Amino acid sequence: MTGHTVRLQTLGKVTSCRGDQSLLDAYLRDNVWLPHGCTQGTCGSCKLRVLDGEVDHGNAPAFTLTPEEREQGITLACQATPRSDLLVEPLAEVSDDGVVRHPLRDLTGSVVVLEDIARDTRRVVIELTEAMPFNAGQYAELEVPGSGVWRQYSMANPPSETHRLEFHVRRTPGGIATDGWVFASLTIGDTVDVRGPLGVFGISRPQEEPAILIAGGTGLAPMKSMVLHALAERLVPELYLYHGGRTEADLYDGDLFRALEAEHPNFHYRPCLSEQQWDGATGMVTDVVLEDFESCKGMSAYLCGPPAMVEAAGKVLKRRRMAPRLVFKEEFTDAADLAAAGAPLATAS
């Protein structure tokens, strides 16, 4: 398919983009970093202003890209494809924050570990034929065989392991990727197509602030990668990991985190159950955090899990005086929920 040139006005970066390729995909493959988050069209962090030329907005949902914004020449880089040569400018500032970025690549691997680790939760480890460098907290997309559908899963292994990627997959009833594949027919030795890395969530460089990590369900996956990396590289002075579940059947990898806690005096692991009395913390994970800290001023936080949990955690941290600029979020949304909201499903998790 014929390609078009796309120029970033401020940076002067020019890349070639096919007519069936998103602007974000083209730039990331060219190792030019653009702000982005979900790549599903739901977060809006990849918005661009089209200064010259014409785009197809693709599956951009109206709740993220309004008709008024379209009239103003704004588009979503993760959904927009070029209809002509373009001059564009990201709405979010593109600056050098010192984080090493890795180009988006298409890779292939085979399944080497497949095990149930919690209720409706499976660990999938894929051995790649080539290395995929990534940052702790990023995610990749896996293609459901024969469907053309891609699903997003965060890497749970540290970035020091570039050939062997670990994913935590929660079953979604009737889900194409879960009930239709991972929990149905996927077996050891199967070949899987992988695309990544993607996302900006995570810990990649030293920081002065102690960090509170709050995970719900398989939101633990990127947190595991971040904890292992931060401890190995001594990136954070103090780490507090909270993992919320309904009952003990929803918790996993506790032995690993307790071993890390015993080895590292600056790491603290706090699993929480909302629907079961036990010898650990009881209640919503956000309520436990509220009880544990009188003040979070001068601290940072990383939140990952269902949207309701992420929103509640943000409110709790605000009550405890944490600076909003130091709160980083990653929401896990089921494909069914995205469909109900009118969002595209090609890359839903």
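This briefing describes a sheet and several charged pairs in a predicted model. Local features need pLDDT of at least 70, side-chain atom pairs count only at pLDDT 80 or more, and totals for chains, interfaces and linings use all residues. Residues are numbered from 1 along each chain as its sequence is written, and side-chain values use heavy atoms, leaving out hydrogens and water.

**Sheet**
- Six strands form an open, antiparallel sheet in the order β11-β10-β13-β8-β9-β12; strands are DSSP runs of E with at least two residues, and two strands pair if DSSP finds at least two bridges between them.
- The edge strands, β11 (149-154) and β12 (164-170), each pair on one side only.
- Strand β10 (residues 139-144) is joined to the antiparallel strand β13 (residues 191-198) by three bridges.

**R195 and E141**
- What does the side chain of R195 make with the side chain of E141? The two make a polar contact at 2.7 Å, that is, a pair of N or O atoms within 3.5 Å, one able to donate a hydrogen and the other to accept it.

**Salt bridges**
- The whole structure holds 22 salt bridges, each a side-chain nitrogen of Lys or Arg within 4 Å of a carboxyl oxygen of Asp or Glu.
- R119 and D250 meet in one of them (2.6 Å, N to O). R119 lies in the loop between β8 and β9 and D250 in the loop between β15 (239-245) and α5 (254-263), so the pair ties together parts 131 residues apart in sequence.
- D250 is buried at 13% relative accessible area.

Technical notes: Helices (H or I, at least four residues) and strands (E, at least two) are DSSP runs, numbered from the N terminus. Buried means under 20% relative accessible area, exposed over 50%, partly exposed in between (1.4 Å probe, protein chains only).
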